[in-house]
Amino acid sequence: MEKIMEVNNLKKYFTLKGSLFSRKKILKAVDDVSFELYKGETLGLVGESGSGKSTTGRTILRLLEPTYGQILYRGKDISKINGEELRSIRKNMQMIFQDPYASLNPRMTIGESIIEPMLSHNLLGKKDAEERAFELLELVGLDSDYYYRYPHQFSGGQRQRIGIARALAMNPEIIVADEPVSALDVSVQAQIINLFKDLQEKFGFTYVFIAHDLSVVKYLSNRIAVMYLGEIVEFSTKEVLFNEPLHPYTIALMSAIPVPDPRAKDKRIVLDGDIPSPVNPPQGCRFSNRCFRKMDICDEVHPELVEINGHKVRCHLYSA
Amino acid sequence: MAKYITKRILKGIVTFLITITLTFFIVRLMPADPATLLMDPRMSEAHRQQLLKDFGLDKPLIVQYFSFLRNLLKGDLGISFMQKRPVMDIIMEKLPWTLLLMTITQFITMAVGIPLGIYSGHKRGSLFDQIVNAVAIFGISIFVPWLGFTLLYIFGYNLAILPIGGAHTPGIDGGLEYFLDVGKHLILPVITLMSIYLANYVLYTRGSVIDVLSEDYIRTARSKGMKEMRVLWKHASKNAMIPTVTTAGLMIGRMVGGAVLTETVFAYPGVGRMIYQAVSQQDFPILQGAFIILALSVIIMNIITDILCAYLDPRIKLE
């Protein structure tokens with residue numbers, strides 16, 4: 001398979017402004033994340049709020065400035081480029097946002113939002129761009145008449161379809177979808193997820209699919225990276241991960257997936273407490289304070305990501 | 001759209017009626033009897049009664065009120081107690097000067113204030129932004145007569161390069177010379193007024209640009225690969241303009257009221273100075289007239305602003 005993106009040791013730190021009496025704090029939103037992306041695949045990024053999955057997605061598209069690390073797109077490091085160079089690379093990578101309403105300019109019609117990048121990157125003339133916008137709207141299952149309407153005139157599901165049409169306008173190679181269905185009703189979620197799947201089959205897009213809902217990710221992804229406090233804690237193909245989860249965090253997440261069988265025994269593993277603050281992560285293993293299989297070493301030594309038959313995991317249980 | 005405008009205009013008319021009623025009674029609450037002020041103390045009581053009768057002040061208040069309404073419909077704002085001339089004529093003499101002063105001030109402040117606000121909001125927290133903010137706050141807090149007198153002292157008296165008052169030099173009329181003369185008289189009042197208005201535009205625009213720039217659709221625009229300038233002007237500024245348009249509408253509406261303090265300091269023959277003089281002379285037909293014109297203009301500008309905002313923001317429903 002063709003590798004189109006490679007992310008090496010990506011770090012994104014935010015500096016929190018110190019108050020009068022406290023020093024500046026550093027929030028490590030993404031801390032040393034590496035992965036590759038192959039053409040036509042879907043990489044799922046899962047984790048709780050605050051795990052750094054959205055930040056990872058935004059940073060690889062350079063919507064956020066990486067603090068450290070390489071982002072190789074087709075062999076070219078895009079982590080430091082700026083200005084015109086960055087702008088021209090952006091048309092190959094698009095993002096679909098979580099809140100489809102807020103991410104559309106309320107003062108522009110749907111059509112204007114869709115054709116703007118085509119015009120601005122001089123891809124097409126006005127007439128052709130409009131033509132393409134009509135096609136795109138139909139492609140995502142909307143009426144082409146919607147071109148002339150404003151975002152507030154649509155329902156949530158329709159808006160997300162618009163968001164998808166907008167992202168497709170540039171015919172990108174990589175699409176980062178940041179929790180694209182979590183704001184939608186379950187019935188609408190299924191439609192949108194199917195739309196994602198259809199579009200990928202038709203056009204061979206590469207997706208980075210960010211979600212906190214494992215069942216959504218399971219349906220779409222080829223490979224899945226589980227994130228916790230800015231780190232990848234487990235990384236494998238979908239089949240392996242679901243059949244044989246290794247990391248206690250992943251096991252707990254899996255147990256939380258509802259099973260559509262009322263007689264199934266509830267073996268849910270409930271984690272205590274919340275995800276710790278990324279300003280002040282636990283020393284040693286970051287999951288140690290919530291882990292149900294904690295050992296003494298976990299408090300002290302930060303585990304490395306080790307690979308067992310292509311299945312990567314960051315846990316002392318497997319480091320030997 | 002037509003329905004929205006009609007509704008808006010009807011509301012405007014009701015507002016106007018309430019305003020003129022309030023104006024009528026408030027002005028008459030002034031603790032003085034104009035006849036006594038007008039009269040030479042040596043004149044007889046009969047004379048005084050005659051005078052009150054001439055101005056219709058002998059009738060009950062409610063009768064006065066209805067005759068005031070009747071006259072208003074005819075465009076008659078009454079007769080000035082002091083100048084013994086129709087109030088309408090007096091206001092029409094002053095209004096062009098005030099409009100000249102205010103239009104120029106508004107135009108310059110908008111042209112300077114809006115871009116400054118946008119840029120400042122864009123570069124939030126930068127040195128530039130901090131300086132702009134500090135200057136704006138200083139401008140808005142400064143005491144106008146103090147600023148006026150200081151400018152007069154420096155440019156009118158010490159350097160003697162600018163006139164110390166009035167709107168034009170008597171004797172010069174017509175031609176380029178007159179034009180330049182009027183311009184020279186405008187410089188100091190305009191600068192003084194700008195100190196107040198500029199901050200309004202800068203701070204409103206800056207605030208709403210900051211709000212808008214944190215919106216998700218701005219992130220979308222960036223992710224689409226738009227140039228930063230386009231993001232700022234096309235996506236952010238247009239959305240940020242609504243509060244600024246509202247402010248501008250209100251300020252333009254108030255323009256006909258002139259600037260009482262500034263016009264008085266610079267002896268500028270506008271509506272503001274007229275109001276100041278009318279207050280000190282208890283000339284309430286003039287006050288009443290000025291307030292009515294002011295109210296009318298504010299109400300009309302409000303209607304225009306509302307229509308403009310509805311046009312600017314498709315989310316404001318035209319119903």
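The following paragraphs go through two contacts in this predicted model, that of chain A with chain B and that of domain 1 of chain B with domain 2 of chain B.

We begin with the two chains. Chain A brings 21 residues to the contact, and chain B brings 19 residues. On the side of chain A that touches chain B, three elements each supply at least two residues: the helices α2 (83–90) and α3 (110–120), and the strand β6 (93–96). Of these, α3(A) gives the largest share, three residues. Sorted by class, this side of chain A holds nine nonpolar residues, six polar residues and six charged residues.

Chain B is split into domain 1, residues 2–73, and domain 2, residues 91–312. Taken over C-alpha atoms, the centres of domain 1 of chain B and domain 2 of chain B are 32 Å apart. The two domains of chain B are in contact through 16 residues of domain 1 and 13 residues of domain 2; a contact here is a pair of C-beta atoms, placed from the backbone, within 7 Å.

On the side of domain 1 of chain B that touches domain 2 of chain B, α1 (2–27) and α2 (34–38) each supply at least two residues. The largest share of this side comes from α1(B), with 12 residues. By class, the side of domain 1 of chain B that touches domain 2 of chain B is made up of 11 nonpolar residues, four polar residues and one charged residue.

Terms used:
Residues are numbered from 1 along each chain as its sequence is written. Chains are lettered from A and ligands numbered from 1 in the order in which they are written. This is a predicted model: local features need pLDDT of at least 70, side-chain atom pairs count only at pLDDT 80 or more; totals for chains, interfaces and linings use all residues. Helices (H or I, at least four residues) and strands (E, at least two) are DSSP runs, numbered from the N terminus. Ala, Val, Leu, Ile, Met, Phe, Trp, Tyr, Cys and Pro count as nonpolar, Asp, Glu, Lys and Arg as charged, and the others, Gly among them, as polar. Domain bounds come from an automatic or database domain assignment.
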